[in-house]
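Subject: Structure handover

Hello,

Here is the structure I promised to pass on. Please look it over together with the notes below.

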Amino acid sequence: MDYNQLAVNLLDAKALVASVGAIGILAIIFAETGLLVGFFFPGDSLLILAGVAASSAASSVLGEGAQMSIALLLIGAPVCAVAGAQLGHYFGAKVGPRMFDKPNSKIFRREYVVKAEEYFEKFGPAKAVVLARFIPIVRTFLNPVAGTLEMPAKTFFVWNVVGGVLWTESMLLIGYFTGDQLAPVIDKYLIPAMALIILVSVSPIIFEVLRERKKKKAEVAEGGEPVAGGRHRKG
């Protein structure tokens, strides 16, 4: 493996899939969901391309020898996603605010934490843990935020499993079946197809955001005040 080339292509899902193989992909899924430094990995497109790499279109998209096992991906990806998120929750519960009370750096931005907290408070703990899986960056930072806000580990685990399975399996299977169906022309239409797939995948989040805004407007119109949560409260 050319590690210099890999370092250059960390944000390129196609290059990552071709470079690291199935085991590397599983490790990246764990890092993106469990380690704060992994927030920049292209999780959605990575999983979709991994599904393509397990389909009959693998060689035409990624080259000879890129074929992967769909069974390994379908079993390993949710396990790594759940384990990574659980680790993030554990860090949040143990370290607490100290994990986030630091100045901005080239990698760390407090705005990422703020955004994760907003989702946690807007949708409630359970829904936020599931929906966050489909939102880049938020899916990395929401897990330790949930721990910091004292969401019980058992409750987090249940919704972590639901979200982890839904996210990984849907992305992998979309890529897999798309690869099989469009094998002769997939290399030509891969980028627009992936863009459309990712847009569809985040549509539930868009719907929830619009629904919450409509609800808040209705509360204001009726003379009520939208309920806002504070930082580091029990979830």
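In these notes, buried means under 20% relative accessible area, exposed means over 50%, and partly exposed is anything in between (1.4 Å probe, protein chains only). The model is a predicted one: local features need a pLDDT of at least 70, side-chain atom pairs count only at pLDDT 80 or more, and totals for chains, interfaces and linings use all residues. Residues are numbered from 1 along each chain as its sequence is written, and side-chain values use heavy atoms, with hydrogens and water left out.

Confidence

The average pLDDT (the predictor's confidence in each residue, from 0 to 100) is 76 for the protein, and 64% of the residues score at least 70. Helix 5 (residues 70–95) has the highest confidence, at 93, and helix 1 (residues 3–8) the lowest, at a mean of 39. Helices here are DSSP runs (H or I, at least four residues), numbered from the N terminus. Residues 1–11 have a pLDDT below 50, and this stretch has 14 contacts in the model beyond near neighbours in sequence; contact means heavy atoms within 4.5 Å. Residues 227–235 also stay under 50, with 24 contacts beyond four places in sequence. Where pLDDT is low, the predicted coordinates should not be read in detail.

Helix 5 has 26 residues and spans 37 Å from its first C-alpha to its last, close to the 38 Å expected at 1.5 Å a residue (1.5 Å times one less than the number of residues). Its buried residues include Gly76, Ala85, Gly88, His89 and Gly92. Just after helix 5, Gly96 has a positive phi of about 70 degrees.

Eleven of the eleven residues of helix 8 (residues 138–148) are buried, so this helix is largely enclosed by the rest of the structure. Asn143 lies in helix 8 and is buried, with a relative accessible area of 4%. Leaving aside neighbours within four places in sequence, Asn143 is in contact with Thr33, Ala85, Gly88, His89 and Phe156. Of these, Ala85, Gly88 and His89 are among the buried residues of helix 5. Just after helix 8, Glu150 takes a positive phi of about 65 degrees.

Nonpolar cores

A nonpolar core is a set of buried Ala, Val, Leu, Ile, Met, Phe, Trp, Tyr and Cys residues joined through side-chain atoms within 4.5 Å. The largest has 25 residues, of which Val17, Ile25, Ile29, Leu47, Met68, Leu73 and Trp167 touch the most other members. Two or more residues each come from helix 2 (13–34), helix 3 (43–53), helix 5 and helix 9 (153–181). Helix 2 gives the most, with eight residues. Beyond four places in sequence, Leu47 is in contact with Ile29, Ala77, Trp167, Thr168, Met171 and Leu172. Apart from this core lies another, of 19 residues, including Tyr119, Val145, Leu149 and Phe156.

Aromatic pairs

The whole structure was searched, and two aromatic pairs were found. Rings of Phe, Tyr and Trp (its six-membered ring) pair if their centres lie within 6.5 Å; planes under 30 degrees apart count as stacked, over 60 as edge-to-face and the rest as tilted. Tyr90 and Phe91 form a tilted pair, 6.3 Å centre to centre with 50 degrees between the planes. Tyr90 is partly exposed at 46% relative accessibility, and Phe91 is partly exposed at 33%. Tyr176 and Phe177 form an edge-to-face pair, 5.3 Å centre to centre with 75 degrees between the planes. Phe177 is partly exposed, with a relative accessible area of 48%.

Regards
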